[in-house]
Amino acid sequence: MKDEMKKKRRLFLVIWLSIIAVILIGIIILWPPGEKHESIKEVMLDGVLHEHNKINLFGLEVNPGLISAYTVTAMLLISAGLIRIFAIPKFTFVPGKFQTVIEKMVEFFADMASKNSHHRPKFVGAYIFSAGAYIFFSTIFELFGFQAVTTTGISIALPAPISDINAAIALGVMSYVVILGAGIICGGVKGGLSVLKDFSLPISMSFRLFGALLSGLLVTELVYYYVSLSFVLPVLVGVMFTLLHAAIQAYVLATLVSIFYGEAVEPRPKKKKKEVSE
């Protein structure tokens, strides 16, 4: 057993040294970096504002992020339908690999909801599961590099939906509406007013999502422009940042929503009437 472990470690070390050697050889061969058709400033501005690369959607010029959002939403809905129709009826008492993955995901968000929202956790558990899944898969969507043609005839890779500030604001506002609705239903007018006090909540959630995706874009583009090995290293950096942002932002939003939802639906103690002494 020890000999096998040593062989595996040596093989692992050889593989990593080979990868490092290939990267170093690539840096030497490709120095200096090739010409860029756009400046780093133009790339950054277009990545944030989407003023130039528009896509024609039924006669309307829209941001590429909208096409990405429609695509991710359709993929998630179709996948959920297929899982519900074909996979869930075949679930057994002893779970297989796919069933285990699904159950672990559901249990993770259900436990988060029950811990942070002691009253009526089922609804918020379903919501944070949906929101977390959307954030995760919409973030890693850009890794697949699906192409689209702009109105100017340029082919571009579809970005992550939340890299558009409008998508981040929409998700933040929707989460706030869920919390506000829960406060009104469970606590009446007082419950709604207590939620309205946190008026900065949708702003903070929206810009947290947008800022995380934007930071990944900035780091990847900076590496692409200022590192000579621009065909390998940006891929590693982009994948690393994308996966980290996908997991972290899904977790952060789910945690925040479940906590504020728990505060909104928590029963408020009734004031005791003062006893009037005779």
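Eight helices and four strands make up the secondary structure of the protein chain, where helices (H or I, at least four residues) and strands (E, at least two) are DSSP runs numbered from the N terminus. The order of these elements from the N terminus is α-α-β-β-α-α-α-β-β-α-α-α. The model is predicted, with pLDDT of at least 70 needed for local features and 80 or more for side-chain atom pairs, while totals for chains, interfaces and linings use all residues. Residues are numbered from 1 along each chain as its sequence is written, and side-chain values use heavy atoms, without hydrogens and water.

Of the 278 residues, 34% are buried (buried, under 20% relative accessible area; exposed, over 50%; partly exposed, in between). Among contacts (heavy atoms within 4.5 Å) with a separation of 6 or more, 68% are between residues 24 or more positions apart.

Helix α8 spans residues 233–265 and contains T255. T255 counts as buried because its relative accessible area is 18%. Apart from neighbours within four places in sequence, T255 is in contact with M112 and N116.

Helix α1, residues 2–30, includes R9. R9 has a relative accessibility of 60% and therefore counts as exposed.

Conventions
Buried means under 20% relative accessible area, exposed over 50%, partly exposed in between (1.4 Å probe, protein chains only).
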